[in-house]
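Subject: Structure handover

Hello,

The structure we spoke about is below, and my notes follow it. Please read them with the coordinates open.

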Amino acid sequence: MTTSPEEAQPAAVPYGTPDAPRIAVRGETRLEVDPEIARIGVTVFARGKDRRAALDDLTRRNATVLDLVKTYGEAVERLETGAFSITPELKEKGRGERIQAYHGRVHITADLTDFTALGELTTRLADLDLTRVDGPWWSLRPDSPAHKQARQKAVKEAVQRAREYAEALGTTLAALVELADIGAEAPQPVRPGAPGGLMRSARAKGADDTDAPPLDLEPQRQRVYAQVNARFTMRPPRL
């Protein structure tokens, strides 16, 4: 009777054998690093008695914001336009669908890598008419070296922990059996407290045009976490 190659393979022993005892450990690390990107959200508003007036004002204010952001050149890594809307406002009293005004809005997001320019740009945007500024939200890039550093430290921590267990038994590690990555979590953008929180502006026409001083925005440290499971065999200890 012949046997297949699969049947000829010895069954795996999850907990090792007396000749090759197995150690299972977990390695993990937490790092705090400086952010690489700051994101801000800008929303411009317009209101007019007719659709064309609201649209013209919204177009002008949207162009003003985009032109201002673009003057910061390489400090701005990404500039994107998101939601746009023109909404009619119906009169509360009266018969029929009588429109009282039109409301318009455009949402823009900008990612900055130069945090020195961030405070100045944020202040100048918040000083514009009918403009709302949200943020900043701090983050790391997906391919940030901080993620690699965290994963490598987690592996080294697992090896060190397994080595210490083996030393407690008077023996040494023999071989790595398995290394399982159970997640290196990318930090999520966090909304920090003031300064750098929510900023709004609805400056009326004719207000003081003196430039506001730049906000002092302190970058929020980012937390990077990595965790691995590792299994090793060790030389048989003398118990």
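In these notes, Ala, Val, Leu, Ile, Met, Phe, Trp, Tyr, Cys and Pro count as nonpolar, Asp, Glu, Lys and Arg as charged, and the others, Gly among them, as polar. By that division, the lining of the largest pocket holds five nonpolar residues, one polar residue and five charged ones. Bear in mind that this is a predicted model.

The pocket

The volume of the largest pocket is about 190 Å³. Eleven residues line the largest pocket, and the closest to its centre are Ile37, Arg39, Asp111, Ser139 and Leu140. Which strands each supply at least two residues of the lining? They are strand E3 (37-48), strand E4 (76-90) and strand E6 (131-139).

Two backbone details belong here. Pro136 is found in strand E6, and the peptide bond that runs from Gly135 to Pro136 is cis, with omega near -5°. Leu130 is found in the loop between H3 and E6. Phi of Leu130 is near 45°, which is a positive value in a residue other than glycine.

The helix pair

Two packed helices are described by the angle between their axes and the distance between the axes. For helix H2 (residues 51-70) and helix H3 (residues 115-126), the axes come within 11 Å and cross at roughly 165°. Angles over 145 degrees count as roughly antiparallel, so H2 is roughly antiparallel to H3. The crossing of H2 and H3 is right-handed.

Which residues meet where H2 and H3 are in contact? From H2 there are Val65, Leu68 and Val69, and from H3 there are Leu121, Arg124 and Leu125. The residues of this contact divide into five nonpolar, no polar and one charged.

To recap, the two items to look at are the pocket of about 190 Å³ and the right-handed crossing of H2 and H3. For the backbone, see the cis peptide bond from Gly135 to Pro136 and the positive phi of Leu130.

Regards

Definitions and conventions. Residues numbered from 1 in each chain as written. Predicted model: local features only at pLDDT ≥ 70, side-chain atom pairs only at ≥ 80, totals over all residues. Heavy atoms only, no water. Axes fitted to C-alpha atoms, helices over the stretch in contact; angles between N-to-C directions. Helix = DSSP H or I, 4+ residues; strand = E, 2+ residues; numbered from the N terminus. Parallel < 35°, antiparallel > 145°, perpendicular 65-115°, else oblique. Left-handed = near helix turned anticlockwise from the far one by under 90°. Contact = heavy atoms within 4.5 Å. 1 Å grid on protein atoms, 1.4 Å probe; cavity = no way out; pocket = protein on both sides within 12 Å on 5 of 7 lines; lining within 4 Å. Points joined across faces, edges and corners; volume = space filled by probe spheres on them.
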